[in-house]
Amino acid sequence: MPDGFLDAPTSIATGAVAATAVAVSLRRARHELDDKTAPLTGLVAAFVFAVQMLNFPVGAGTSGHLLGGALAAILVGPWTAVLCMTVVLLVQGLFFADGGITALGTNITLMGIVTVVVGWALFRLTLRFLPRRPASAAPAAFVAALVSVPVAALCFVGLYAVGGTADISLKAVFAAMVGWHVLIGLGEAAITALTVGSVIAVRPDLVHGARPLLAARELTVREPRPLVTKGDRPA
């Protein structure tokens with residue numbers, strides 16, 4: 001979102017929400033980061049940065065792109081995901097003029113907090129209705145990403161209703177943001193499910209959201225096969 005779309009009180013309020021969430025995440029992320037999650041965090045941030053740089057106009061002076069909050073939460077955990085998304089949005093806003101400086105708090109709140117919280121909550125909820133095996137993480141990730149994107153767009157419409165300053169009707173903003181982001185959500189859901197499924201196929205232990213499913217797997221002990229010696233073979 002560019003500068004000047006929301007008034008000062010709304011921007012300050014979202015900035016306070018973002019700062020509080022980042023402060024809490026800095027404390028809680030230490031429980032998620034380990035020798036497996038820490039290297040993956042950098043890769044997740046780089047991937048989210050790349051997909052978010054692909055912007056296309058959706059009308060009403062705004063642009064649309066993949067968000068990546070649900071994917072980050074599933075791969076590295078929700079607290080670490082908030083930090084990943086914040087770093088990505090900071091770099092985009094400060095060095096690439098992608099997103100307004102005064103809108104940074106709003107962008108972090110919508111893309112770095114709402115998508116992570118909604119995506120993570122839906123991922124955990126969907127897993128309750130699926131078989132407890134690692135393969136269930138991919139369809140759960142699809143649902144999480146699919147819903148998280150339009151929810152973030154809907155939250156933006158709510159903020160615009162409270163403190164919007166652009167000469168654009170609320171109806172036009174709603175149609176542009178929610179309508180387009182439903183389509184974006186479909187694309188993000190497919191990419192998220194494919195990414196999570198691909199990582200689980202080779203290293204399921206790297207997916208933070210799938211670790212409870214790994215712990216639930218039963219240990220199977222196979223009986224050793226008897227050795228057949230030359231004297232045991234039939235004549």
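Modeller: A nonpolar core is a set of buried residues of nonpolar kinds, joined through side-chain atoms within 4.5 Å. Please keep in mind that this is a predicted model. Its largest nonpolar core has 34 residues, and those with the most contacts inside it include V44, F123, A137 and V196. Helices 2, 3, 4, 5, 6 and 7 each supply at least two residues of this core, and helix 3 gives the most, with seven.

Biologist: Which residues is A137 in contact with, leaving aside its neighbours within four places in sequence?

Modeller: A137 is in contact with F123, L127, V196, I200, A210 and L213. There is also a second, separate core of 13 residues, which includes L6, A103, V157 and V178.

Biologist: Why is T192 called buried?

Modeller: T192, which lies in helix 7, has a relative accessibility of 2%; buried means under 20%, and therefore T192 counts as buried. Leaving aside neighbours within four places in sequence, T192 is in contact with L71, I74, A141 and A145. T192 and A145 are 47 residues apart in sequence, yet their C-alpha atoms are 6.7 Å apart in space.

Biologist: What makes up the lining of the second largest pocket, by class?

Modeller: That lining has three nonpolar, one polar and three charged residues.

Definitions and conventions. Residues numbered from 1 in each chain as written. Predicted model: local features only at pLDDT ≥ 70, side-chain atom pairs only at ≥ 80, totals over all residues. Heavy atoms only, no water. Buried < 20%, exposed > 50% of the residue type's maximum accessible area, 1.4 Å probe, protein only. Helix = DSSP H or I, 4+ residues; strand = E, 2+ residues; numbered from the N terminus. Contact = heavy atoms within 4.5 Å. Nonpolar A, V, L, I, M, F, W, Y, C, P; charged D, E, K, R; others polar.
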